[in-house]
Amino acid sequence: MTAGSTVLVAGVGNIFLGDDGFGVETVRRLSAHPLPAGVELADVGVRGVDLAYRLLDGHRTAVLVDATCRGGAPGTVYLIEADTGEALEAPVLDGHRMGPDAVLALLATLAAGTGGEPPERVLVVGCEPASLEEGIGLSEPVAAAVEEAVRVVLRVVDEAAQPEKETTPC
């Protein structure tokens, strides 16, 4: 973790599977924007195990950006609050096919084994893919959705990077 980093934004996906490269492209575009202090960008691509360990670095908030099949029209951008406290089935470990759901399922086990600290809040900025077939490049609707996803992530990190307000008793 970068010293003082409170928010991790991680682009997830395989650029060789069409729209699965959405998260990686979104993080690449985010790198051209000024970000609040305490925000770390990471292109984790298909390195799910690396992402799992990064999530234990004490970030207060994690924003995972990935192609997300939820049944909407291709190019639909979603903001999903992940329930990290939910009991998830232990995933089959495959370092190249671990999506955010499998990574989140590992967190409790990894935290217990390493003493790492998982984020208090995990959000997923997802985009409905049109195609996950072999090939490089995003489909037209998903490519058009990248800028919307950048705006969503910027809004989320601005809110998450704000110092927590202290309350004073009356």
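**Figure 1. Arg29 and Glu25 in helix H1 of a predicted model.** Arg29 and Glu25 are separated by about one helical turn, because they are four residues apart in helix H1. Helices (H or I, at least four residues) and strands (E, at least two) are DSSP runs, numbered from the N terminus. The two side chains form a salt bridge, with the closest N and O atoms 2.9 Å apart. A salt bridge here is a side-chain nitrogen of Lys or Arg within 4 Å of a carboxyl oxygen of Asp or Glu. Arg29 is partly exposed, at a relative accessible area of 26%, whereas Glu25 counts as buried, at 18%. Buried means under 20% relative accessible area, exposed over 50%, and partly exposed in between (1.4 Å probe, protein chains only). This is a predicted model: local features need pLDDT of at least 70, side-chain atom pairs count only at pLDDT 80 or more, and totals for chains, interfaces and linings use all residues. Residues are numbered from 1 along each chain as its sequence is written, and side-chain values use heavy atoms, with hydrogens and water left out.

**Figure 2. The salt-bridge network that includes Glu25.** Arg28 also meets Glu25 in a salt bridge, at 2.7 Å from N to O. These two residues of helix H1 are three residues apart, about one turn of the helix. Glu25 touches Leu138 and Val146, not counting residues up to four places away in sequence; contact means heavy atoms within 4.5 Å.

**Figure 3. A salt bridge between Glu81 and Arg121.** The closest N and O atoms of Glu81 and Arg121 are 3.0 Å apart. Glu81 lies in strand E4 (residues 77-82) and Arg121 in strand E5, so the pair ties together parts that are 40 residues apart in sequence. Glu81 is partly exposed, with a relative accessible area of 47%, and Arg121 is partly exposed at 36%. Elsewhere, salt bridges that share partners join Glu25, Arg28, Arg29 and Glu147 into one network. Seven salt bridges are found in the whole structure.

**Figure 4. The largest nonpolar core.** A nonpolar core is a set of buried Ala, Val, Leu, Ile, Met, Phe, Trp, Tyr and Cys residues joined through side-chain atoms within 4.5 Å. This core has 24 residues, of which Val7, Val9, Phe22, Val63, Val65, Val125 and Val153 touch the most other members. At least two residues each come from strand E1 (7-12), helix H1 (22-30), strand E3 (61-67), strand E5 (121-127) and helix H4 (140-160). Helix H4 gives the most, with eleven residues. Beyond its neighbours within four places in sequence, Val7 is in contact with residues including Gly38, His59, Val63 and Val157. A second, separate core of 18 residues includes Val44, Leu55, Leu64 and Ala82.

**Figure 5. The loop residue Glu133 and its contacts.** Glu133 sits in the loop between E5 and H4 and is exposed, with a relative accessible area of 60%. Apart from neighbours within four places in sequence, Glu133 is in contact with Phe16, Leu17 and Gly18. Glu133 and Gly18 are 115 residues apart in sequence, while their C-alpha atoms are 5.9 Å apart in space.
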